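Let's take a walk through a protein structure together. Have the sequence and the 3D view open, and look for each residue as it comes up.

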Amino acid sequence: MRLRSIELALPDASGAAEFLTDIWGLAPADVRGGTHYLRGSGSFPYLVALEEAAQAFVRSTTFVCSEERLAVLAKAVVASGLAAREVSSQDPGGGHGLIVELPEGEVLRFLGGTSEVDPIEGRDLPVKLTHCVFNSVDAEATGHVVEDVLGFRISDRTKAMVFVRCNTSHHSTAFARAGFSSLNHIAFEMADIDAVMRGIGRLRDCGMAPAWGPGRHGPGDNVFAYFIAPFGAVVEFSTAVDKVADDYRVGAPEDWTWPQGRIDQWGLSEKDTAALRVAEERFRFLRDWEAAPLSAILGASA
Ligand SMILES: [Fe+2]
């Protein structure tokens, strides 16, 4: 199971696409209808879809997996009673699978049979998404749902977050104990620390300072730099997230405490908590589809 892409709807999608290509560093992949698709240097056909819409919302977050995993997932989703339906993707890479709404409205799409593309060169291109984090009213409950239904595994719990993995990467998603439901941030994996630092410099050239970072997190041990994008979402340059084994001991909040005045390993930067909080509320979730039986996937696996 791999995190592939996030599909956003927002006003001025082309303005957002311009920022993410000209300044953030993604490459244009395609434009279909009013939707801009942007890619990284890796083999996914796109990482971010930006669809023109009157209001900002997250349409879906997409994971790709095998047909076998899809069949297991479909059975568990049906048993859970979560709203879901089958989908055939019209986005680059195609594929088919299911889309499911978690209890707090997060919409996750799981696709099998997707196609990939040749990697491209680019010194400062993000490689892929490394995680998409969501805000939750009850992060603990959502953590249990993604473990029990989706087969994800909780890697660590802190005072602020429940970190969840879907492969050996320490986390591909996380649920923040925020008191509301929304997109928290989108993290792009950079090739190395230098690429993160050059990214920070590139944004500084355009008058943008990090809202938090550079720094190195505790859980996942990854380097980070968070920015508030002009289109309103929080985006992150990240690199070197830990790989963990099946027997990774799930950390508890008391395992992840900081000395007075510290909230990351380096202690280099201030965190603009107020500005981040405003940005983290901007992209909510919207399900504009009706739930329907997962007959084709379940039939295929019978
Ligand atoms: Fe992050």
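**A tryptophan, its neighbours and an iron site**

Start at Trp 212, where Lys 271 lies over the face of the ring, 4.3 Å from its centre. A charge sits over a ring if NZ of Lys or CZ of Arg is within 6 Å of the ring centre and within 35 degrees of the ring normal.

Before going on, a word on the model: it is predicted, so local features need pLDDT of at least 70 and side-chain atom pairs pLDDT 80 or more, while totals for chains, interfaces and linings use all residues. Residues are numbered from 1 along each chain as its sequence is written, and side-chain values use heavy atoms, leaving out hydrogens and water.

Now look at aromatic pairs, of which the whole structure has 16. Rings of Phe, Tyr and Trp (its six-membered ring) pair if their centres lie within 6.5 Å; planes under 30 degrees apart count as stacked, over 60 as edge-to-face and the rest as tilted. Trp 212 and Phe 224 make a tilted pair, with 4.5 Å from centre to centre and 50 degrees between the planes. Trp 212 belongs to strand E14 (residues 212-216) and Phe 224 to strand E15 (residues 223-228). Strands (E, at least two residues) are DSSP runs, numbered from the N terminus. Trp 212 also pairs with Tyr 226: their centres are 5.5 Å apart and their planes at 10 degrees, so this pair is stacked.

Is Trp 212 buried or exposed? Its relative accessible area is 7%, so Trp 212 is buried. Buried means under 20% relative accessible area, exposed over 50%, and partly exposed in between (1.4 Å probe, protein chains only).

Next, find the iron ion. Its protein donors are His 131 (NE2), His 185 (NE2) and Glu 236 (OE), at 2.0 to 2.1 Å. Donors are N, O and S atoms within 2.8 Å of the metal (3.2 Å for Na, K and Ca); water is not among the atoms, so sites may look incomplete. His 131 lies in strand E9 (residues 128-136) and Glu 236 in strand E16 (residues 234-239), so the two tie together parts that are 105 residues apart in sequence.

Finally, turn to strand E13 (residues 182-189), which is largely enclosed because seven of its eight residues are buried. E13 runs antiparallel to E9, joined by seven bridges, and pairs in the parallel sense with E16 over four. Two strands pair if DSSP finds at least two bridges between them. Phe 188 stands opposite Leu 129 and also opposite Phe 237 in E16.
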